[in-house]
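Hi,

Here is the structure I said I would pass on.

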Amino acid sequence: MGGGGGGLAAAPKVKRGSFATVRKKKKRVGFVLDMTPLVDIAFLLLTFFMLSTTLTTPQTMEMSVPPETENVEVKQSELLTVLVRDDGQIFKFIGDKKTSPPEKVNLKDIRALSVNENMRLENKLILSLRISNKVPYGLVINLLDELNIAETEITQRLTVKGMKRERKFALTPLTDEDKADLKDL
Amino acid sequence: MSKIKKKRVGFVLDMTPLVDIAFLLLTFFMFTAKFKSDTENEQKFQIQRPRASADTSKVPEKDLAMIKIGIDTVTNDTAYYYSLSNEQDRKVVYNSDKVQLSDEARQKVILKVTDLKVLEALLKQTRMANLRMKFAIDADRRVQYKWIEDLTNVMRLSNATVFNFVTDRPS
């Protein structure tokens, strides 16, 4: 269609297709390519790759355990113990459990608890986690995640004060004694 | 002069921008696509990972020893599944005579381990074969914590004290 313009511009008053005009060769200004099959294939591949890729790549949470179970003397006053009972109920006590009996805590309050206690004792706090081996693994990860979130806040607050964060953390199994203590709570 | 209206027999659509975008997306998905590894092909269970938001580092692809704890979809029993990302290390570790495995199991990519002694031997051989090896625990969120506890104890004994828990981003 566009190519016809050249012919018309040369002889504007003559009707198109008349025998009087000598047909000029159409000047090509471009070319038309039928892209339909190309597009078909492109979209076919596109849908294939879109459906076959999983965009959620798994993440990791780093953990480390001490090489050998060595007994380290700790001050009772610097100890925060978090216990997880068989049914997944979480308890905490600070220091000696005789003077401060275990209290029930919600998973959501763990973050605030860790931040508050760590700020009170400033790097000296040792967190002892005693987890029953009957709870689902997902709950343990949720608990550790809350503590990790708290950790960033603690590090931030301590950096403001000019201190370097040293995390002290122990993951131990729930003893029979603990189980007996938590039974009626 | 009366002009005769041209009868439209079809219409022309400029598909160039459409094709541009289509190819752009196509190349993007082609480059990001990752195909199932041998390990995943042999796997007969689906892991529902626990969700965590604090740490967002990715699972390394090289030098990785993966310990999966999965619940079999058919028999419903839990077991450890051990696999190594490097084929060379896999050959060395699986064929080591310190590890008690059946000849059939040695040929596999992913090992089903039920005995903690075997797992300990595997971990020790892995550490000997490649010191840069990183360990990752990929467990189903429904398994009892006992499985993790036993595993971390075995890892402690094999001197693999730093490891990663594989998690998913919360949706």
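**A buried glutamate in chain B**

B:Glu120 is buried, with a relative accessible area of 16% (buried means under 20% relative accessible area, exposed over 50%, partly exposed in between, using a 1.4 Å probe and protein chains only). Before going further: this is a predicted model, where local features need pLDDT of at least 70 and side-chain atom pairs count only at pLDDT 80 or more, while totals for chains, interfaces and linings use all residues. Residues are numbered from 1 along each chain as its sequence is written, chains are lettered from A and ligands numbered from 1 in the order in which they are written, and side-chain values use heavy atoms, with hydrogens and water left out.

Back to B:Glu120, which sits in helix α5 of chain B (helices are DSSP runs of H or I with at least four residues, strands are runs of E with at least two, and both are numbered from the N terminus). Setting aside neighbours within four places in sequence, B:Glu120 touches B:Val154, B:Leu157 and B:Ser158 (contact means heavy atoms within 4.5 Å).

The helix itself, residues 116-129, has 14 residues and reaches 20 Å from first C-alpha to last, close to the 20 Å expected at 1.5 Å a residue (the expected span is 1.5 Å times one less than the number of residues). Other buried residues in α5(B) include B:Val118, B:Leu119 and B:Leu122. The cover over the buried residues of α5(B) includes β1 (64-71), β2 (78-84), α3 (87-94), β3 (111-113), β4 and α6 (145-157) of chain B.

**Chain B as a whole**

Chain B has six helices and five strands, in the order α-α-β-β-α-α-β-α-β-α-β along the sequence. Of its 171 residues, 45% are buried. Among contacts in chain B with a separation of 6 or more, 68% are between residues 24 or more positions apart.

The mean pLDDT of chain B is 82, and 94% of its residues reach 70 or more (pLDDT is the predictor's confidence in each residue, from 0 to 100). Where pLDDT is low, the predicted coordinates should not be read in detail.

**Over in chain A**

Five strands of chain A form an open sheet with mixed pairing, in the order β4-β3-β2-β5-β6 (two strands pair if DSSP finds at least two bridges between them). β4 (103-105) and β6 (169-173) of chain A are at the edges with a single partner strand each, so one side of each has no neighbour in the sheet. Strand β3 (residues 90-94) of chain A pairs with β4(A) in the antiparallel sense over three bridges, and A:Ile90 has A:Val105 as its bridge partner in β4(A).

Chain A has a buried glutamate to look at too: A:Glu151, with a relative accessible area of 10%, found in helix α4 (residues 137-160) of chain A. Leaving aside neighbours within four places in sequence, A:Glu151 contacts A:Arg165 and A:Arg167.

Cheers
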